[in-house]
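Thanks for coming. I will go through one structure this morning, starting inside a chain and then moving to the contact between chains.

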There are 2 protein chains.
Amino acid sequence: MSRSHIIKGHICHAPEAGRLEIRENAFVVCEDGICRGIFDEVPEKYRGLEMADCTGKLVLPGLVDLHIHAPQYAYRGTGMDYELLDWLYKVAFPEEIRYEDAEYAAKAYGIFAQKMKKSATTRAAIFATMHTDAALILSDEMEKSGLISFVGKVSMDRDAMPELTEKSAEQAAAEARRFITESAARAYRRTKPIVTPRFVPSCSAELMAELGKIRKEYGLPVQSHLSENPDEVELVSRLEPEAAFYGDAYDRFGLFGREGRTVMAHCVYSTPEEVRRMKENGVWIAHCPSSNMNIASGIAPVRRYLEQGLRVGLGTDVAGGTTESMFRAVTDAIQVSKLYWRHVDRDAKPLTFAESFRMATKGGGAFFGKAGSFEDGYEFDALVLEDASEPTARELTVRDRLERAFYFELDRVGIVMKFAGGERIL
Amino acid sequence: MSRSHIIKGHICHAPEAGRLEIRENAFVVCEDGICRGIFDEVPEKYRGLEMADCTGKLVLPGLVDLHIHAPQYAYRGTGMDYELLDWLYKVAFPEEIRYEDAEYAAKAYGIFAQKMKKSATTRAAIFATMHTDAALILSDEMEKSGLISFVGKVSMDRDAMPELTEKSAEQAAAEARRFITESAARAYRRTKPIVTPRFVPSCSAELMAELGKIRKEYGLPVQSHLSENPDEVELVSRLEPEAAFYGDAYDRFGLFGREGRTVMAHCVYSTPEEVRRMKENGVWIAHCPSSNMNIASGIAPVRRYLEQGLRVGLGTDVAGGTTESMFRAVTDAIQVSKLYWRHVDRDAKPLTFAESFRMATKGGGAFFGKAGSFEDGYEFDALVLEDASEPTARELTVRDRLERAFYFELDRVGIVMKFAGGERIL
């Protein structure tokens, strides 16, 4: 498949904080998988490349989902009358137990990967379950989907249901290693393993120490959950009295940024100390507004994080979130920021569309390297979007069309082309 | 068109507060437009009626949108970076001015009515603009759509843009009368006029007094806005110092319930006095969670209203809301109630799916009489919904399928039949 091409259309991206750049009827060039920038006319040296004429359509970077649970996809949109800890035991854990069965995993992950392929997401950081074989099935399916993803076999050796608890820290560590080495053996081009302690309540200090060693030994990134819910934060302080704060329980074992790239989902209740540590350590925050509403966690102070220069991307957090639509995540983030401003902190200005769009593209993209923007040198992830399915009597600017495409979740119906890492996958 | 028929399927409705009734593979009977109840077997006397075999599909009452602005439909999903008063002047009012042009109105309202026809909504209370001729065009289009609706020519004689302000209270009252008499002359079967002062800031006391007379003279219902935003509430207290509270500025003129059925949109900042008056006067509240997020108004204390026995339905409030999807309104109401519980009032329990579903069906339906339920004697509004477009590896209960259909907004793609007042319109 060719990894060099040009797309003509209304090119929209957000290279700088708080500002959209929209170039109408322009050309975006991809050379061997790498973006070479946006041009009003095709430069001489690229004139031989294949051209997709998408005049009048919207062209935007692929979206980056920094937090999603593949095994929870099967029940998304159900069981929404619970709060976090109840929801885990009554809905999430019973479903995750089923992934011991490879046949069930193959069916469920097949559906998941197909839906991800059709979505606006080009890159994702994904949780599997604790089952190594099922996590490898998920990796196979994601590789086939064409998305670029980190897949994590979940590590958890305490405090869940017995059928969903690894027998010991040693066994859990051995399985984490097996997942990594088998992933490597499969020589994926787009899919990489990521160290995935479920969250502090599910991982003993012994297991955390082992995962810290594994992370270092293989040079892998880390993903987990942080300060999602007040009861959970309280539980962590009881379980790990030696940790100065929730995030410190990861940091003590080398699982909280610094030399290892780390993304932490939620951060709704991070203390000033924890925020300072995230900043120092360069930890990414996966802001998951839909999930934070659905399981009544609350609203993360994202404006504050942006002001302080933290690294923030967006996550759908299926199935705390109900949909894999990153367009929805973008508008949810705006909506909850308005409620946060109104009801919690009148100095925390609501997010603008441009700001939320940026978190979902270049913001989260940075976790993967140079991704989520059409700047020269970025990996080429792109969507071409048709928005004619929503007629209007009004003449709309391209800026308006982009905004309403997100509010209408036209990613569900309007994606006509999709590229990840320069390769066309839709 | 036959107004008598039977639908077989999984029948779901919410006749009692807080509880769904789900009858699997059952029969719901409509006789001459009136529901005769749900049966496990078709009773002898109905055996001759035409039967739609929708085995396995979801069958639910049509949804009731208690608050939507038809002229704002054209720009829905754009201009979402503003708060209420700015948004009115920069986005809403400039668009509404265009409805002076009948050709534009015909085009825009034609699109609106077609989208409403395809939506889950079977009944709606709709704002037009101040332009009488355009409001009649909207009424024509709604009548053709098959929905059952109240359409209001908006009355506004002060404090908007000059091009969107009626010249005097007398002229505004004369136009309100002209709208009502011309509506009557068109002998609609499904479409009725409703007295529609835009909101207190846009209506002089003289105009309010005239509208109160008109309401009484024609025996019409009333719709308007109430206590949506703190700045607006403050503005009303300055403009109408004689009113004890915002709602009193309507009540003084007989435009706030009592003998005249009234629905007030929003009620985010209603004082205890105002709430008491709404209860005494039997005023309906149109809760519009999407709009309240988008224009940063805040979260209405719906749990409190339900506890106090107020009449509450849901509205999409396009284009403060971005979509006409009442399924989305149902889940938005749940989501914001969770944030309200978490961040504003820990004694206000989040809404359950059953409660929100009920507000959107029987709750709002009561504004139209007996509607929004499959009980014997109710007007027959129904949807048949196909949810197979969202595959899952899991076996779902009918209750789960219903919940996820709302979270996935399957009203956008899955409606296979739609009936309003016993007549099939899709």
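Before the first number, a word on domains: their bounds here come from an automatic or database domain assignment. Please also keep in mind that this is a predicted model.

With that, chain A has domain 1, made of 5-62 + 374-424, and domain 2, made of 63-368. Taken over C-alpha atoms, the centres of domain 1 of chain A and domain 2 of chain A are separated by 29 Å. To their contact, domain 1 of chain A brings 33 residues and domain 2 of chain A brings 32 residues.

How is the size of such an interface expressed? It is often given as the accessible area lost when the parts come together. For domain 1 of chain A and domain 2 of chain A, the buried area is about 2400 Å², and carbon and sulfur atoms give 60% of that.

Now the charged and polar links. Six salt bridges are found across the interface of domain 1 of chain A and domain 2 of chain A. There is a salt bridge between R190(A) and E423(A), with the closest N and O atoms 2.8 Å apart. Residue pairs in polar contact between domain 1 of chain A and domain 2 of chain A number 16.

Which element gives the most to the side of domain 1 of chain A that touches domain 2 of chain A? That is α13(A), with six residues. By class, this side of domain 1 of chain A has 18 nonpolar, four polar and 11 charged residues.

How many salt bridges cross the interface of chain A and chain B? The rule finds 15. R98(A) and E395(B) form a salt bridge through their side chains, at 3.5 Å from N to O. The polar contacts between chain A and chain B come to 34 residue pairs.

On to aromatic rings. The whole structure holds 36 aromatic pairs over all chains. Y73(B) and F112(B) make an edge-to-face pair, 5.5 Å centre to centre with 70° between the planes. Y73(B) sits in the loop between β5 (63-69) and α1 (84-97) of chain B, while F112(B) is in helix α2 of chain B, so this pair ties together parts 39 residues apart in sequence.

Last, some backbone details. Most residues other than glycine have a negative phi, and most peptide bonds are trans. V318(A) and A319(A) are joined by a cis peptide bond, with omega about 10°. A319(A) is in the loop between β14 (311-314) and α11 of chain A. In chain B, the bond from V318(B) to A319(B) is cis too, with omega near 10°. Finally, C267(B) has a positive phi, near 55°, and lies in the loop between β12 (262-266) and α8 (272-281) of chain B.

Definitions and conventions: Residues numbered from 1 in each chain as written. Chains lettered and ligands numbered in written order. Predicted model: local features only at pLDDT ≥ 70, side-chain atom pairs only at ≥ 80, totals over all residues. Heavy atoms only, no water. Contact = heavy atoms within 4.5 Å. Buried area = accessible area lost by both parts, 1.4 Å probe. Salt bridge = Lys/Arg side-chain N within 4 Å of Asp/Glu carboxyl O. Polar contact = N/O pair within 3.5 Å; in protein donor to acceptor, adjacent residues only side chain to side chain. Helix = DSSP H or I, 4+ residues; strand = E, 2+ residues; numbered from the N terminus. Nonpolar A, V, L, I, M, F, W, Y, C, P; charged D, E, K, R; others polar. Phe/Tyr/Trp six-rings, centres within 6.5 Å; stacked < 30°, edge-to-face > 60°.
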